[in-house]
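The sequence and structure are shown here.

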Amino acid sequence: MKNTMKRIVVFASLALFMISCSEESPVEQLPALTVPQTYDTVGFAASSKQPLLWRASLVNLTNEIKKGRTKGTKLDLAQLNLLFNENGFAATSTSYYRTILETYMQEIVYASGTEYDPFKTPEQNGQGGVLGAYLFDEKGIEPEQLIEKGLFGAALYHYAVTQYLTGTITKEKLHQALVLYGADPSFPNTNTAANTQKPDIHGALYAARRDNNDGNGFYRSIEKNFRIAQAALKAGSKYSADLQNAIKAIREQWEKALLATVVNYSYATVDGLKKTNPTPAEIGAALHAYSEGVGFIHGFKTIPNKIITDAQIDEILTLMLAKDPQNVTSYLFVTEPATYLKNFDDIRSKIKAIYGFSDADMEAFKKNWISEQIR
């Protein structure tokens, strides 16, 4: 009897122990993260020195290339390469795109100093030249845009997301990523000199152009998430989820803003070339818009952890007649518009599906909201 009672006591104790162990420990309820309304600039000047030099290098390279837009002005390849490598800027680019630029650097030097006729074959055009206000190679693409706009993704975005917006995030890394994005900590959402002394450039400028300033667009979303990331860092490791969500949002909204700009330029290209008798200046402006779109999307190829895949980029570049830099056929958009301009419908459909853009989004992407809102 005593043994029986002992067994009952033991079993009862064990049952109570198991019940107590099965009860979940209460989850700590963290207070909501407090996010300041302004970006904290402490340490910004010291942290941003190197990325500001890289940003300046791209500006200097682009300004040198733009000299070739003037008829009779010959560009120098050695000078372009010197500027590309200035301050170690070339090393920020993907190795893939550095190889691409070897072709376009040479092409733009060849094209400079002469004139371009979009109705002639590449063989008849020789090395290309100036049409309207821009400099094209013999195949009808503007190398300047493949260089500058391509490096928005291949260098600035690439370095920011692989070096600054990854791993252990620090306040210094946030400052550095902000510089490569192209914004000032005041986030002016404009490049208009009358409205700011610190204009947006590079990716930030195009995010601003695609943002209608209702608080939900690309630019304001990126600004908000930089502030959330700062706040989460200051609040400590318990807010690591907020930090990682903010970093993810910055990367994605930055990418989306640039691909929304490809949509914008696709509309501009078609509008310029579908006219019955477009002027040389109108053709030049349309091919300029087209080339910007090619540069924006091509620069994202081989960057890791992006939304769009390399295969999807290749599909779109094929529709843009520009997948292989050695075999571009951009001139066909001018000489055979009835056949090839419809490619842009497919391009927009693909981008819309990849990023989940709505019909209203696609319509809004037609506009430069800085100009529309005079801001």
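Helix α5, residues 95–111, contains 17 residues, and its first and last C-alpha atoms are 25 Å apart, close to the 24 Å expected at 1.5 Å a residue. The model is a predicted one.

The buried residues of α5 are Y97, I100, L101, T103, Y104, M105, E107, I108, V109 and A111. An α-helix has 3.6 residues a turn, so residues three or four places apart point the same way. The partners against which the buried residues of α5 pack include the helices α3 (49–66), α4 (77–84), α7 (143–164) and α12 (280–298). Strands β1 (129–131) and β2 (134–136) also pack against these buried residues. Beyond the helix comes G113, which has a positive phi, near 95°.

Is S93 buried or exposed? S93 has a relative accessible area of 3%; because buried means under 20%, S93 counts as buried. Leaving aside residues up to four places away in sequence, S93 is in contact with R98, L151, A154, A155 and H158.

Helix α3 is among the elements that pack against the buried residues of α5. Its 18 residues should span 26 Å at 1.5 Å a residue, and the end C-alpha atoms of α3 are 26 Å apart, in agreement. The buried residues of α3 are P51, W54, R55, S57, L58, L61, T62, E64 and I65. Their cover includes α2 (44–47), α4, α5, α7, α8 (171–181) and α9 (202–209).

| Helix | Number of residues | End-to-end C-alpha distance | Expected span |
|---|---|---|---|
| α5 | 17 residues | 25 Å | 24 Å |

The remaining values concern the whole chain. Its secondary structure consists of 18 helices and two strands. The radius of gyration is 26 Å, well over the 21 Å given by the globule rule for 375 residues, so the protein chain is more spread out than a compact globule. Along the principal axes, the C-alpha trace spans about 110 × 45 × 40 Å.

Of the 375 residues, 51% count as buried. Among contacts in the protein chain with a separation of 6 or more, 70% are between residues 24 or more positions apart. The accessible surface amounts to about 17,300 Å², and carbon and sulfur atoms contribute 53% of it. The chain carries 39 positive and 40 negative side chains, with the centres of the two sets 7 Å apart.

Methods
Residues are numbered from 1 along each chain as its sequence is written. This is a predicted model: local features need pLDDT of at least 70, side-chain atom pairs count only at pLDDT 80 or more; totals for chains, interfaces and linings use all residues. Side-chain values use heavy atoms; hydrogens and water are left out. Helices (H or I, at least four residues) and strands (E, at least two) are DSSP runs, numbered from the N terminus. The radius of gyration is taken over C-alpha atoms; the globule rule is 2.2 Å times the number of residues to the power 0.38. Buried means under 20% relative accessible area, exposed over 50%, partly exposed in between (1.4 Å probe, protein chains only). Contact means heavy atoms within 4.5 Å. Accessible areas come from the Shrake-Rupley method with a 1.4 Å probe; for residues, only the protein chains shown count as cover. Lys and Arg count as positive and Asp and Glu as negative; His and the chain ends are not counted. The place of a charge is taken as NZ of Lys, CZ of Arg, CG of Asp or CD of Glu. The expected span of a helix is 1.5 Å times one less than its number of residues.
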